[in-house]
Amino acid sequence: MSKQIPLAGVIGNPVGHSKSPRMHGHWLESQNLPGHYVPLEVDAQDLPDVLAAMPRMGFVGTNVTIPHKEAALAGARRVTPRARAIGAANTLTFLPGGGYEADNTDGYGFYANLAQSAQDWAASDGPVALFGAGGAARAILHAMLEAGAPEIRLMNRTRARAESLAAAFGPRVRVLDWGETGPALAGAATVVNTTSLGMAGQPAFDLDLSGIRPEMLATDIVYTPLETPFLQAAARRGARIVDGLGMLLWQGVPGFNRWFGGDAQVTPELRELMLAP
Ligand code: ATR
């Protein structure tokens, strides 16, 4: 008797640009595991039907991306504590007996990337200056607080969004005005851009970063280009920099291992593959 080949995918709209199929395909192939991982373009109105039907077709789980991350959380039978805290899901695993568990691995991916790329760095090293207050910022805030960051100095163009994150995550989060980089960077250990500024086709990151010091670690979630103007500015001031591609790779690891029973590795070879056109 042959067992059904496990399927997984990424649900989004649009989803054609997603590099997750390439990544999971690489892991399946390099570990010689049976399975397929496919992009699934799904309208918001169809999401519940699609998620209900998938396990009947052999899907063991799926990633979800924009614009489905909140709806996927809302429809879950089980929710992990971190997905609950972040308020969005990106990794769903179908459960025996119906329904799915919703997890969020974005914060994990962010943290694992830093921990692996800068082994003597720790979130507890000192205050974190964090730009942006969107969905990615929420996941990163959660991961950094869990990992022991003593203080997060949060700046966002729309201050109200930063205020609402601070209200959700408690007194270790302090809101500063967008542009108040002097006080935000003073004595900080880690500097993080979670805005889309600096991404190819988006406006430049043009805040004053002269407060960045050599002992700081700077990272950007933007990875097109790999070395963003934000990271270049940090590197010019002697800071260590970690690019954002690793976050994308690491956020995929827990789902892959869970669904396909593998041991996904983030390697230079995988990075090369993901950067290829
Ligand atoms: P994501 O889920 O990737 O975080 P998002 O929720 O759309 O995406 O958040 C995008 C982030 O980039 C926000 O912090 C946004 O600031 P606002 O909350 O003020 O919109 C920030 N951002 C986007 N364009 C910006 C710009 N031109 N100047 C400053 N911040 C910008």
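Helix α7 lies across β8 and β9, running at about 170° to β9. Here contact means heavy atoms within 4.5 Å; angles run from 0 to 180 degrees between N-to-C directions, the axes being lines fitted to C-alpha atoms, for helices over the stretch in contact. Helices (H or I, at least four residues) and strands (E, at least two) are DSSP runs, numbered from the N terminus.

The model is predicted: local features need pLDDT of at least 70 and side-chain atom pairs pLDDT 80 or more, while totals for chains, interfaces and linings use all residues. Residues are numbered from 1 along each chain as its sequence is written, and side-chain values use heavy atoms, without hydrogens and water.

**Exercise 1.** Determine the strand order of the open sheet of six strands and identify its edges.

*Solution.* 
1. The order is β9-β8-β7-β10-β11-β12, with parallel pairing; two strands pair if DSSP finds at least two bridges between them.
2. β9 and β12 (240–242) each have a single partner strand, so one side of each lacks a neighbour in the sheet.
3. Neighbouring strands are turned by 20° against each other on average, direction ignored.
4. β8 and β9 pair over five bridges; R153 has R174 in β9 as its bridge partner.

**Exercise 2.** Describe the largest nonpolar core and the surroundings of F110.

*Solution.* 
1. A nonpolar core is a set of buried Ala, Val, Leu, Ile, Met, Phe, Trp, Tyr and Cys residues joined through side-chain atoms within 4.5 Å. Buried means under 20% relative accessible area, exposed over 50%, and partly exposed in between (1.4 Å probe, protein chains only).
2. The largest core has 27 residues, and F110, M144, I152 and V173 have the most contacts inside it.
3. Its largest share, five residues, comes from α6.
4. Leaving aside neighbours within four places in sequence, F110 contacts I140, M144, V192, T219, I221 and M247.
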